[in-house]
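Reader: I have a new model to look through, and I would welcome a guided tour. Could we go through it together, one point at a time?

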Amino acid sequence: PPPPPPPPPRAPAPIDVYRNVPGSTRLRVLGVGGGERTVVTLVPHAGAHLAQDLLGRAFPLQQGYGEWLTDVIRIERFGRNTAGALVPLTGDGTAGQAVRLAVYAPGVDAGRVRMVRFAPGAAAGT
C-alpha cells in the first residue's frame, strides 16, 4: 500500500481553546508532547448528562471534594501504527512528552483547584 500522506503542519503553540460562552474555562495549550494529532475538547461541568452524552462517559465527583469548578477537559493524542493508520496513543512511548496547559477559570481561586485525571474507560483516577 502507498505510504500515508504527510501530516498537516502543526499549529504553533500556544493555542487558545475555549467555549464561546461568558465565564467558561479557557485553556492555553503550551505544548502537545508526542503524537501526530492532539484533540482538546471542553464540555461544561454543569449537568453530568451533557458530558455523558458528548464524551460517552461520566465524570463523577471525587470523594472529599466539592462540585467541579471548571469545564471537563478531554485531551486525546493520536499517532500512526505500523500500517500507517491513525490510532489513539495510550501513553506508551510518550513518557516525558506531557501535554502542557495553562487553565483560566474565571471567578475560581487557583488555590482551590486540583486537576483530576480519568484514565480512558475508567470511572475515576488521579
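Author: Gladly, and one definition comes first: two strands pair if DSSP finds at least two bridges between them. Helices (H or I, at least four residues) and strands (E, at least two) are themselves DSSP runs, numbered from the N terminus. The model is a predicted one, so local features need pLDDT of at least 70 and side-chain atom pairs count only at pLDDT 80 or more, while totals for chains, interfaces and linings use all residues. Residues are numbered from 1 along each chain as its sequence is written, and side-chain values use heavy atoms, with hydrogens and water left out.

Reader: Thanks! In what order do the elements of the protein run from the N terminus on?

Author: The protein has one helix and six strands. Read from the N terminus on, the order of these elements is β-β-β-α-β-β-β.

Reader: Does Val103 count as buried, partly exposed or exposed, and at what relative accessibility?

Author: Val103 sits in strand β6 (residues 100-104). Leaving aside neighbours within four places in sequence, its contacts (heavy atoms within 4.5 Å) are Thr25, Arg26, Leu27, Ile73 and Met115. Buried means under 20% relative accessible area, exposed over 50% and partly exposed in between, with a 1.4 Å probe and protein chains only. Val103 therefore counts as partly exposed, at 38%.

Reader: Let's turn to the other sheet. Which residue in β5 is the bridge partner of Phe78?

Author: This open sheet has three strands in the order β3-β4-β5, with antiparallel pairing, and its edge strands are β3 (37-43) and β5 (86-88). β4 and β5 pair over three bridges. In β5, Phe78 has as its partner Pro88.

Reader: Why does Leu55 count as buried?

Author: Leu55 belongs to helix α1 (residues 48-55). Not counting residues up to four places away in sequence, Leu55 touches Thr41, Val43, Val72 and Arg74. Thr41 is 14 residues away in sequence, with a C-alpha to C-alpha distance of 8.9 Å. Leu55 counts as buried because its relative accessibility is 10%.

Reader: Which strand gives the most to the lining of the largest pocket?

Author: On a 1 Å grid over the protein atoms alone, a pocket is an open set of points where a 1.4 Å probe fits, with protein on both sides within 12 Å along at least five of seven lines; lining residues have an atom within 4 Å of a point. The largest pocket holds about 1,300 Å³ of space, and of its 36 lining residues the closest to its centre are Ile73, Ile75, Val116, Arg117 and Phe118. Seven of the lining residues come from the strand that gives the most, β4 (residues 72-80).

Reader: Last one: what share of the residues in the protein is buried?

Author: The protein has 126 residues, and the buried share of them is 21%.

Key. Grid points are joined across faces, edges and corners, and a volume is the space filled by probe spheres set on the points.
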